[in-house]
Structure formats: structure tokens, C-alpha cells
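Here's a quick briefing to read with the model open beside you. Let's go from the overall picture to single residues.

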Amino acid sequence: MPDEVELLEFDDRASAITFRLEQSSTPDFSDPKLRYEGPDPASVLTGLREGQYHFRVRAIDSEDQPGAWSEPLVLHVEFMAPGQLAFLLVVGGVVACSTIAAIITGFLKNR
Amino acid sequence: MTLAVSLSTETGWAIVIGLGVLWVLLGIWWGRRAKTSEGFMLAGRNVGLSLGAATAMATWVTSNTTMVAPLLAYEKGVWGMLAYASASFGLLLFAPLAFRIRRLLPEGVTAGDFFRMRYGNLGWAVFLVITLVYSVTWLVTMAIAGGKLLEALANIPYAQGMTLIMVVCVLYTLFGGLYAVIGTDFIQSLIILIGIVFIGFIVIEHMDVSTVHQHLSRDQPALLDVMMPAALLAIFNNMLFGFGEVMHNNVWWSRAFAMREKVAPKAFFLSGVLWFPIPIAAGFIALAAGPLGVNVTDPSKVGPEVAEHALGLAGLGSFAGVIILVVLFCSMASSIDSLLAATSDLLVRDIYEGLLKQELDPRKFRPVAATSIIIVSFSAWLLALSGWNVDQVLFSAGALVASLIWPVIAGLFWKRLNAPLVIAGIITGCIAGMFCYFEVQTYTGALVGGAVSMVFTLAARWIRPADLETTTS
């Protein structure tokens, strides 16, 4: 998940009026957390920390009858390697600071 | 939640056509003064501080600010919000550059004049390729955003809405040139500022900061984390993207030439200060999505979705859609017109006069300028029919513009340089940045492109430097 965003799309059944999306840190959903409940057949996830997450969804029909849970979806969130990140941040910092310094000194010398 | 169609199609058409007629009439009114090429392209080089600052700020508030800034905040959290706001540093830093530009090129017309003078025909050609690719890309992203917005808000078919917005902007730019662009920018900047402050106020009314913080801590904790790699990279990448975009693009150079000499630096500095809080406000609106119970299904529309929801809670009903459409239409129009004018100036001055060696007498100027505007807008319209992913298209061009940062600074302030080495640095920076964008991480393109070009430019100061040209040929 390189950009820290994921779109979960559900099966848009004609009979479903509501979807219930749950998230858990364990495969058996012993600690379920309601992530979304409503009519939309998709939900965008952002802001997850590194780790493994489990998701399941079920439809609820017009008579308030819930369907079966979907097969769990496992999402593995992994950020960029710290060494690579540190290198790129240092490069970014050096280029940004040098650019600002070059403009200020250039301006002061030529005004 | 998908963005609800809160306006009738007829209302959507009426708003855009109504505003369009107003801009066109104002364009004709202001365009009466554009009797010469200098009047049409540079508004007579007599633009004052309030109009200058307003046009710079309004041009920088694009559909990307109002739609991509919330997207960055929603994906990258607090750092994402600040990352987008860092683009204001480009305007702030252009203030001292504008001062130098006016000294170095008192009769300059386009950024191409500078590249040709300092880096010869090869450097000029490389600049033209990069800037034309980037400008058309930028224009395409705004046309796409406009089409998608009208489709979402008023159920106007994408191709029709996108065409409508382009036609309106082309018409008033055709009639009035830079006079019309700057005049309409002033009004549009006021509408944008009032609209964003109003929407932000409504959101704050229904959601305080501590509630947003609580929700994010529980459900989206990485958005508050100090160590979020993509967000941290986005800060430097966006900052360098902003530097490159402002420092190279003729949109900003033409304004530097159009403002009175002593006004230009102040106007750019003021516009940067005024622009800084806008992406912060737009980003905060997006962070309130979860606490307000807005389920995001398309992150590129998170800003309008949350704004519409909050305005709905305030009891504004379908008027919410009117407010959002007017603010976003102004933010698009203020940038599309500027890009059309500045890019067509490049075609007239650099391609028609410079490359094709055509004499531009006063009788031929308006037809040539009009043809250029139509060519640029038609190319963008054709590409926009595809409806690409807006932010992906724009960010992929970051490597190109960031590779021009150091060549601009060095060309403006340094007297001796190895010009071929600088040009090699631009090309290598573009290639390396694009490679990293596609192969390493999205937020590395501008960063790597700028870094590579900087190393080459610094080397060019010490390895066989030669005196730079100081006059235009």
C-alpha cells in the first residue's frame, strides 16, 4: 500500500439496501470494529498504520435481514524502508534549503 | 457516500452560462484597451499591486487546490495538508526573482526570451518542450476537474460540462487578452476567498477540532503520525514542484512583465501569504469527513463531498450545490484563462515569431493570437475527453518542472556558467525524476528531478564556465 489509500468495493446486489463493513486486527474477527454502514457499495480507507488488517462485509436487505459475511479480505500495510526514506528526505531538505539560499543570496548580491 | 446530485441540470447550465456571460462581457469591456500586442499580452505593463496580487493568488488557486488539497489531507493527513500549502513558497520566492527578471529583461515578453538569451537555441528548445507539455497537462487537469464537477453536482454529461467550461474561458480570453484575465481574476479571487472562508466556517460550526482529532486517533491514526513516509516525502516533493512550476512557467513570467517594476515583487509576496491558508482550510474540510459521517468513495471528490454535507447540515439544501459550483468554477476559470493566455503568448512570441521567423505586424497580431488560443484550448479539450485521473496526470509532470528550478536561478543571478552542462542537467533531471515517479514512489518525481538538475547546475558554475549572454538577440 505505497500511497496509504485503498478502495474497497463490494458486490452491489440489487436486493441490498445497506452494507456493513467491519475491520479487525485478527483473522477470527474477535475484536470487530464497524468501519462503515450505509448504502454505498464502496469505501475508501486511509490513515492505517503499518500492519495487517482484516475486513469483511455483508449486505442487509429491505426486510432488515443480514446476508452472510463475505470472505475476509486481508490488507497488509507496509511503508517505505526507513533507510530509503531517510535518504530521500535528506536529499529533499538539501535541495529545498539550497534553492532558498541561492535565491536569497542572488537577490542580495544583485539588487 | 457518492456526491449527491444536489442541483438540477438546468440550474447547473444556468450558473455556468450566467457566470460565463458575465466574464465574457467583462472581457470585452476590459479588452477595449488591448489595442497593441503589448496591451493584449502584457496588459500594457501597468498592473498595480491589488490587481497583481489578486491575479497571482487566483491563478494559483486552481481546481487542484480546491480538489487535490483535500485529497492530500485525506490520504496523507496533517503533513499532506502542509505539503500542499508549501506550494505557496513558490510564489513567495518568485518575489525576488520577479525583481531580477524586470532588471534583466526590461522589454521581455515571455519566459522563452530568458531561456534563449541565457542558454541559446538548444536551451530554449528544451524549455519550450517542457513548458508546453506541462502547460497543456495543467490545462487538461482543470478541464477534467471541471467536467467531473458538473457531472457530479448537476448531472451534466462529462463531455458537455467540460466543453462548456473551456468555451467560456476561451471566449473571454480571446476578447480581452491579459486585461480580461487579470480583471476577471480579481473578481474570481474575491469569490473564492469568501466561499472557502464561508464553507470552512460552516464545517467548524458543525465539527470542532477536538472531535476531528478524536476520530482520526481512533480510525485513521496514521493521518496524525509524525512519521508517515509518503506524507513527509510529499512535503519536499510538492514544495519543489511548486518552485519549478512558478519559476519556469510563462503564466508567472507574463505577470512579472505585466506588473509595474516595483509592484511585481510585492504582489507575488502578498499573493503567497494570502494563498497559504487556502489549502489548509480545504484540507481541514476533508479531515472532517469521518467525524461528519461522510463515507468517501472517490477520494478526488472528498472536498466537495464534505463541503456539500456540511452545508446541507446547515440547512442550505440545494443552495449548497450552488455555492460549491460557483467557488469551484471560479477557481478553475481563474487558472484556465491564465494558462490559455500565457501559453498562447509562447506560441505567438516563441514559435511564430522566434522559430518560424514571422514578422508580427499590428494588423496580423490579433488573428495570430486568437489562432494560438484556439490551438491550445482545442488540444487540451481533445486530451480532456479521456477523463484521466487528475492528480496522477499532474504529479507525473513534477519532474519536468523541478528540473528547471536551478537553471532559472543560475541564469538570473550568475554571470558565468557552462550552458551545455546546465541543459544536460535539465534533460537528465527529467529522465531520473520520471523514472523515480513511476518506479520508486509517486512523491519522488519532482524531488529527484530537482536534485539531479541542481547538481549539474552547480557543476556548471565550476567546470569550464563561460560568460552568459546579457542581451536578447
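A contact here means heavy atoms within 4.5 Å. With that cut-off, take the contacts in chain A with a separation of 6 or more: 56% of them are between residues 24 or more positions apart. Keep in mind that this is a predicted model.

**Chain A overall**

- Chain A has six strands and one helix, and reading from the N terminus the order is β-β-β-β-β-β-α.
- Chain A has 111 residues, and 41% of them count as buried.

- A:S24 sits in strand β2 of chain A, which covers residues 16-24.
- Is A:S24 buried or exposed? Its relative accessible area is 2%, and buried means under 20%, so A:S24 is buried.
- The side chain of A:S24 gets to 3.0 Å from the backbone nitrogen of A:T26.
- Which residues does A:S24 contact once you set aside its neighbours within four places in sequence? They are A:F29, A:S30, A:D31, A:P32, A:Y53 and A:H54.
- A:S70, by contrast, is a loop residue, placed between β5 (51-61) and β6 (73-77) of chain A.
- If you leave out residues up to four places away in sequence, A:S70 touches A:R56 and A:V57.
- For a sense of distance, A:S70 and A:G92 are 22 residues apart along the chain, and their C-alpha atoms are separated by 44 Å.

**Helix packing in chain B**

- Two packed helices are described by the angle between their axes and the distance between the axes.
- Helix α1 (residues 9-31) of chain B packs with helix α7 (residues 158-206) of chain B, the axes being 7 Å apart at an angle of about 45 degrees.
- Why call α1(B) oblique to α7(B)? An angle of about 45 degrees falls between the under-35 range for roughly parallel and the 65 to 115 range for roughly perpendicular, so oblique is the class that applies.
- The contact of α1(B) with α7(B) takes in 18 nonpolar and eight polar residues, with no charged ones.
- As for handedness, α1(B) passes α7(B) in a left-handed crossing.
- Helix α6 (residues 111-154) of chain B and helix α10 (residues 250-258) of chain B cross at roughly 125 degrees, and their axes come within 11 Å.
- On the α6(B) side the contact is made by B:A111, B:F114 and B:W138, and on the α10(B) side by B:N250, B:V251, B:W252, B:W253 and B:F257.
- By class, the residues of the α6(B) contact with α10(B) come out as seven nonpolar, one polar and no charged.

**Buried spots in chain B**

- How many of the nine residues of helix α18 (residues 405-413) of chain B are buried? Nine of nine, so to speak a mostly covered helix.
- The buried residues of α18(B) include B:W406, B:P407, B:G411 and B:F413.
- B:A341 belongs to helix α14 (residues 319-355) of chain B, and with 7% relative accessibility B:A341 counts as buried.
- Not counting residues up to four places away in sequence, B:A341 touches B:T173 and B:V181.
- B:A341 and B:F236 are 105 residues apart along the chain, with 30 Å between their C-alpha atoms.

**Positive phi without glycine**

- B:A43 isn't a glycine, yet its phi is positive at about 50 degrees.
- B:A43 is found in the loop between α2 (37-42) and α3 (49-60) of chain B, and B:A43 is buried with a relative accessible area of 5%.
- B:N155 isn't a glycine either, and its phi is positive at about 60 degrees.
- B:N155 is in the loop between α6 and α7 of chain B, and at 49% relative accessibility B:N155 counts as partly exposed.

How values were computed
Residues are numbered from 1 along each chain as its sequence is written. Chains are lettered from A and ligands numbered from 1 in the order in which they are written. This is a predicted model: local features need pLDDT of at least 70, side-chain atom pairs count only at pLDDT 80 or more; totals for chains, interfaces and linings use all residues. Side-chain values use heavy atoms; hydrogens and water are left out. Helices (H or I, at least four residues) and strands (E, at least two) are DSSP runs, numbered from the N terminus. Buried means under 20% relative accessible area, exposed over 50%, partly exposed in between (1.4 Å probe, protein chains only). A polar contact is a pair of N or O atoms within 3.5 Å; within protein, one must be able to donate a hydrogen and the other to accept it, and residues adjacent in sequence count only if both atoms are side-chain atoms. Axes are lines fitted to C-alpha atoms, for helices over the stretch in contact, and angles run from 0 to 180 degrees between N-to-C directions. Angles under 35 degrees count as roughly parallel, over 145 as roughly antiparallel, 65 to 115 as roughly perpendicular and the rest as oblique. A crossing is left-handed if the near helix is turned anticlockwise from the far one by less than a right angle, and right-handed if clockwise. Ala, Val, Leu, Ile, Met, Phe, Trp, Tyr, Cys and Pro count as nonpolar, Asp, Glu, Lys and Arg as charged, and the others, Gly among them, as polar.
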